[in-house]
Amino acid sequence: MSEEPSVEGKYRALRRGLRSRRRDDPALDLFRRIETSLSDIGFVDRMLLELSRCYNPLTNGPIVDLATRRSIVESLRAGRPDDAKRLLDECLTRYAPPAEAPRASPPPDPGELPLPGHSGEASRPPPTR
């Protein structure tokens, strides 16, 4: 039970990172339910099947592919829950990458011209017409 708050915190942070999608994300709920129920192999297999039916726009494929689903279930049946959790975390990271730390200043757009005096170069007067 001591692992429960950390699992909830992890998924709360991922949900915040997906706000740009402007919707609730049932896939994150499925991942959380799977992670907290790794001892119930049948349940995990059914939930992974549901995730395999969901589309991941970042990879242009299913959230959990068939080979990964099989590997997770086989790891659980073989008594290797750590391997199954690692594979599950890899799928989750591909679907909802952790938010990056904000940069000090974004790189300039390649088509953007620097403002005079802000590029580090000597300021030039504006061109005359």
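Figure 1. Y55 is partly exposed, with a relative accessible area of 49%; buried means under 20% relative accessible area, exposed over 50% and partly exposed in between, with a 1.4 Å probe and protein chains only. The structure is a predicted model, in which local features need pLDDT of at least 70 and side-chain atom pairs count only at pLDDT 80 or more, whereas totals for chains, interfaces and linings use all residues. Residues are numbered from 1 along each chain as its sequence is written, and side-chain values use heavy atoms, with hydrogens and water left out. Y55 lies in strand β1; helices (H or I, at least four residues) and strands (E, at least two) are DSSP runs, numbered from the N terminus. Leaving aside neighbours within four places in sequence, Y55 is in contact (heavy atoms within 4.5 Å) with N60, G61, I63 and Y95. The C-alpha atoms of Y55 and A27 are separated by 9.7 Å, although these residues are 28 apart along the chain.

**Figure 2. The loop between β1 and β2.** N60 is found in the loop that joins β1 (55-56) and β2 (61-62). Most residues other than glycine have a negative phi. N60 is not a glycine, yet has a positive phi of about 55 degrees. With a relative accessible area of 62%, N60 is exposed. N60 is also among the residues that Y55 contacts.

**Figure 3. The largest nonpolar core.** A nonpolar core is a set of buried Ala, Val, Leu, Ile, Met, Phe, Trp, Tyr and Cys residues joined through side-chain atoms within 4.5 Å. The largest one here has 23 residues, and F31, I34, L48, L51 and I72 have the most contacts inside it. At least two residues of this core come from each of α2 (26-36), α3 (41-52), α4 (66-77) and α5 (81-95). Helix α5 gives the most, with 6 residues. In soluble globular proteins, nonpolar side chains tend to be buried together.

Figure 4. L48 is found in helix α3 and is buried, with a relative accessible area of 0%. Not counting residues up to four places away in sequence, L48 touches I34, V64, R69, I72, V73 and L88. With the same exclusion, I72 touches V44, L48, A84, L87 and L88. L48 and I72 are 24 residues apart along the chain, and their C-alpha atoms are separated by 9.0 Å.

**Figure 5. The buried face of helix α3.** At 1.5 Å a residue, the 12 residues of α3 should span 16 Å, and the end C-alpha atoms are 16 Å apart, which agrees; the expected span is 1.5 Å times one less than the number of residues. The buried residues of α3 are F43, V44, M47, L48 and L51. Seen down the helix axis, these residues fall within an arc of 130 degrees, so they line one face of α3; the arc is that of the directions from the helix axis to the C-beta atoms. An α-helix has 3.6 residues a turn, so residues three or four places apart point the same way. The cover over the buried residues of α3 includes α2, α4 and α5.

Figure 6. The 12 residues of α4 should span 16 Å at 1.5 Å a residue, in agreement with the 16 Å between its end C-alpha atoms. Buried in α4 are T68, R69, I72, V73, S75 and L76. These residues cover an arc of only 160 degrees around the axis, which puts them on the same side of α4. On the other side, A67, R70, E74 and R77 are exposed. Helices α3 and α5 are included in what covers the buried residues of α4. Just after α4, G79 takes a positive phi of about 80 degrees.

**Figure 7. Cysteines and the chain as a whole.** C54 counts as partly exposed, at 28% relative accessibility, whereas C91 is buried, with a relative accessible area of 0%. The count of disulfides, defined as pairs of cysteine sulfur atoms within 2.5 Å, comes to 0. The chain has 5 helices and 2 strands, which run α-α-α-β-β-α-α from the N terminus on. Buried residues make up 27% of its 129 residues. Among contacts with a separation of 6 or more, 54% are between residues 24 or more positions apart. The chain exposes about 9400 Å², of which carbon and sulfur atoms supply 53%; these areas come from the Shrake-Rupley method with a 1.4 Å probe, and for residues only the protein chains shown count as cover.
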